[in-house]
Amino acid sequence: MMSAPDNIVITAWSAVSPFGIGQKSFTDGVAIGRPAVSVLDRARWDGPDERACLVPGFEVREVLGKGTRAMNRVAGLAVTTVGRLIESVDPGRTWAEDTAIVLGTSTGSSQSTMDIIRASLTGERPYDVEPSLVPYAVMNCAAGQCAIWYGLKGPNATLAAGRPTGLTALSYARRLLLTGRAKRVLCGAAEEYSADRAWIDFHARGGGDAILGEGCAVFAVELASAATTEPVATVLAVDSRSCVDGDWQAMTARCVQRALAAGGSDPAEVRAVCPSGSADTPGQAERAALAGIFGPGVPVWDVAELIGETHAVCSAFQIARALSAVEHGREMAGRLVMITSTDTSGAVGAALLRLGESR
Amino acid sequence: MPRVAPRSSRRSPADRVVITGLGVFSSIGIGREEFVEGLRQGRSGVKPIRSFDTTGYAYANGCEITDFEPARWIKRVPLAELGRASQFSAAAARMAMEDSGLSEEDLRADRGHISIGTTDGESTDFDQITAMEVASGRESMDPVLARRLSANRLSAAVARELDLTDVEMETLATACSAGNYSIGNGYDVIRTGEAKFALCGGADAFCRKTFTAFYRLGTIAPEYCQPFDKNRKGILTGEGAGVVMLESLESAMARGARIYSEVLGYGLNCDGHHPVAPNQAGVARCIEIALADAGVEPEDVDLISAHGTGTKANDVTETRAIRDIYAGRLPRTISLKSMLGHTMGAASSLAAIACSLAITEGFIPPTINHVETDPECQVDCVPNHSVPADLRIVQNNGLAFGGNNAVVVLGKYEED
């Protein structure tokens with residue numbers, strides 16, 4: 001099967017995840033298959049949960065060095081991930097105006113936002129807030145910091161689409177490439193762990209246990225027709241829609257069927273499915289839809305059971321999970337993987353990838 | 001003077017994108033007609049802030065919307081499930097749809113796209129949930145608020161309210177240029193054939209966090225916002241929403257739709273320079289990209305709607321960047337923020353709507369509160385009173401924290 005001329009390909013990627021920093025940590029972690037969960041240090045993380053999937057030992061200043069005193073965790077995760085990706089494929093730093101960044105988020109940093117509001121509410125004067133924190137309390141800060149660190153002056157977008165954000169980001173990236181607004185797009189998502197995010201999620205889900213995760217995954221994306229290196233995967237289709245009637249299973253199935261049709265594929269060709277792995281109602285319906293279409297025997301790659309509920313970066317980690325299969329051996333080369341995602345807001349998405357050859 | 005037609009006139013109607021519906025919530029008027037009157041009269045949206053306790057600030061004016069009645073517009077989604085920014089988004093999208101002459105049934109028949117730009121998402125809810133925590137501990141946060149906080153809720157609210165399923169939706173969180181990002185994205189969505197219609201714009205709700213942040217940075221004006229004025233003292237924060245209906249010219253012609261303006265093109269780039277300060281070279285480059293994308297030359301542009309925040313740094317940097325591209329022939333350059341305040345993620349979408357109305361109604365909205373033009377800015381900002389004008393091509397600037405520049409070029413649609 002040939003790629004359509006307007007398909008996009010992933011030519012490189014990196015991740016900073018609960019498995020550690022860099023692509024190899026992620027692929028090794030997936031291969032070992034042991035959940036990267038740890039007991040939280042309550043002195044550092046004053047949240048409702050006992051356990052979480054944190055990026056081990058990740059402290060911004062230790063990872064990125066001086067000049068990052070004010071930088072929040074989500075920006076640190078993004079800057080680290082983009083840096084790893086660039087080191088691996090553009091060590092001479094030739095990318096500039098022709099390179100775009102598209103980064104998914106949920107709320108930027110709840111922690112930075114609430115730190116400013118708390119300072120205003122509790123300070124001696126209502127404007128006694130730390131000025132160096134101000135840019136970090138705006139959602140586009142992580143993407144803007146990546147641009148500053150690596151001199152990337154192309155389009156710089158931050159977007160939010162719930163758990164399917166990583167898929168929507170691919171769709172946005174494809175549009176930038178098709179319209180000639182960038183030659184390549186560094187596309188992905190980032191989510192930090194914080195006590196504030198954990199408390200918000202605790203209340204939003206109505207209490208009870210949950211294991212939250214964090215991290216960032218970023219992909220270098222180019223048009224198939226213009227790619228300069230052998231792709232690690234071809235994005236055959238991305239389809240996203242909105243569930244407004246609560247029938248998540250039907251809407252997931254619709255997205256999957258449309259993605260298959262757009263990719264010119266049928267279910268029998270799909271060798272694995274990679275759902276959001278969410279435990280909520282939409283997440284369960286998503287699995288049922290996949291079982292209905294691909295049968296009960298299809299391998300299900302559940303990345304959430306390894307790295308927790310990662311919200312905005314969830315579907316980007318699912319893509320990374322699919323790509324890591326290429327690194328594990330030749331048997332998945334050229335095979336199709338279906339990635340799906342749902343979000344209680346109504347967002348539903350599916351992406352069909354054809355994996356490339358191992359390098 | 002002979003005028004060169006923009007490049008779009010050489011494209012097929014299927015490859016041209018027009019604005020056919022407007023949804024407006026602003027501090028100077030709700031809905032197209034009130035907004036036009038506000039722009040024409042040079043109305044000011046400034047009032048003392050009422051939405052949070054301003055004790056302890058030396059001054060606290062802002063541009064709040066005091067007559068927003070969400071229940072008038074939001075018919076399907078329970079209001080308690082939507083924060084104020086989501087309510088603005090859904091209400092403005094419904095208004096844009098109704099204004100375009102399309103119905104929910106029409107929209108359901110086709111593939112669509114929803115993108116809403118924002119700076120702060122559900123900022124009012126963040127203020128409230130933090131206040132609850134401060135008052136009674138983290139265990140006391142309201143679950144209803146907790147469920148509303150994700151920024152993607154703004155665009156999802158539009159789909160839920162209009163009962164649309166075959167739509168891709170995203171919230172573009174590119175801060176204060178997000179409205180232009182969103183309109184540019186919609187332009188591409190239509191031209192790539194991904195969707196038949198796109199509801200695009202921006203929304204933000206008034207909040208303590210943003211007011212306080214700008215206040216701390218020393219960029220809040222004590223009384224008025226005076227862009228380009230020698231004695232300008234900064235911004236006034238505001239709120240609102242602007243959402244437009246985008247479709248191809250072919251689609252608009254086929255149904256006999258009213259066309260407010262044509263999106264001729266746009267440019268995006270990133271300064272990659274500083275987290276908050278604008279960069280002259282970056283802004284100039286973005287203007288250049290946008291004009292090239294639209295296929296127009298600087299001398300074809302009749303009006304610039306500037307980002308024009310009214311801070312010392314923005315107005316000097318932005319006008320210098322404009323001058324870099326326009327040399328000695330600057331078109332009139334206005335700032336709507338003098339009237340609307342800085343509505344953050346809504347700002348450039350409300351400005352795009354104002355530009356579209358300026359084109360159709362034949363006038364240039366003024367820059368109000370203007371006393372003496374700063375010699376360092378040197379623009380004809382159409383001080384204080386609107387003027388009649390036949391506008392064919394208008395450039396709408398959006399700049400943002402993070403160096404996220406977005407410039408949209410709009411044109412008058414004239415039948416061949």
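This is a predicted model: local features need pLDDT of at least 70, side-chain atom pairs count only at pLDDT 80 or more; totals for chains, interfaces and linings use all residues.
Reader: What is the bridge partner of Leu159(A) in S6(B)?

Author: Strand S6 (residues 156–160) of chain A pairs with S6(B) over 2 bridges, in the antiparallel sense. Within S6(B), the partner of Leu159(A) is Leu172(B).

Reader: How are H4(A) and H7(A) oriented to each other?

Author: Helix H4 (residues 110–122) and helix H7 (residues 195–204) of chain A have axes that come within 7 Å and cross at roughly 100°. An angle of 65 to 115 degrees counts as roughly perpendicular. H4(A) is therefore, relative to H7(A), roughly perpendicular.

Reader: Which residues of H7(A) make the contact with H4(A)?

Author: The residues of this contact divide into 2 nonpolar, 2 polar and 2 charged. H4(A) takes part through Ser110(A), Gln111(A) and Met114(A), while the residues from H7(A) are Asp196(A), Arg197(A) and Ile200(A).

Reader: Which element gives the largest share of the side of domain 1 of chain B that touches domain 2 of chain B?

Author: The domain assignment divides chain B into domain 1 (18–254) and domain 2 (264–411). Between them, 61 residues of domain 1 of chain B are in contact with 57 residues of domain 2 of chain B. Among the elements giving two or more residues to the domain 1 side are strand S1 (17–26), helix H1 (32–41) and helix H8 (178–191) of chain B. The largest share is 8 residues, and it comes from H8(B).

Reader: What distance separates the centres of domain 1 of chain B and domain 2 of chain B?

Author: By class, the side of domain 1 of chain B that touches domain 2 of chain B has 26 nonpolar, 27 polar and 8 charged residues. Taken over C-alpha atoms, the centres of the two domains of chain B are separated by 20 Å.

Reader: Why is S1(B) described as largely enclosed by the rest of the structure?

Author: A residue counts as buried if 20 or more other C-beta atoms lie within 10 Å of its own. S1(B) is largely enclosed because, of its 10 residues, the number that are buried is 10.

Reader: Over how many bridges does S1(B) pair with S8(B)?

Author: S1(B) pairs with S9(B) in the antiparallel sense over 3 bridges, and Val17(B) stands opposite Val263(B) there. With strand S2 (residues 29–30) of chain B, S1(B) forms a hairpin that has 2 residues between the strands. In S8(B), Val243(B) stands opposite Gly23(B). The antiparallel pairing of S1(B) with S8(B) has a bridge count of 8.

Reader: How are H1(B) and H14(B) oriented to each other?

Author: The axes of H1(B) and helix H14 (residues 347–361) of chain B are 11 Å apart, and the helices pack at an angle of about 80°. Phe35(B), Val36(B) and Leu39(B) of H1(B) meet Ala354(B), Leu357(B) and Glu361(B) of H14(B). By class, this contact has 5 nonpolar, no polar and 1 charged residues. The orientation of the two helices is therefore roughly perpendicular.

Note on methods:
Residues are numbered from 1 along each chain as its sequence is written. Chains are lettered from A and ligands numbered from 1 in the order in which they are written. Domain bounds come from an automatic or database domain assignment. Two residues are in contact if their C-beta atoms, placed from the backbone, lie within 7 Å. Helices (H or I, at least four residues) and strands (E, at least two) are DSSP runs, numbered from the N terminus. Ala, Val, Leu, Ile, Met, Phe, Trp, Tyr, Cys and Pro count as nonpolar, Asp, Glu, Lys and Arg as charged, and the others, Gly among them, as polar. Axes are lines fitted to C-alpha atoms, for helices over the stretch in contact, and angles run from 0 to 180 degrees between N-to-C directions. Angles under 35 degrees count as roughly parallel, over 145 as roughly antiparallel, 65 to 115 as roughly perpendicular and the rest as oblique. Two strands pair if DSSP finds at least two bridges between them. A residue is buried if 20 or more other C-beta atoms lie within 10 Å of its own, exposed if 12 or fewer, and partly exposed in between; C-beta atoms are placed from the backbone.
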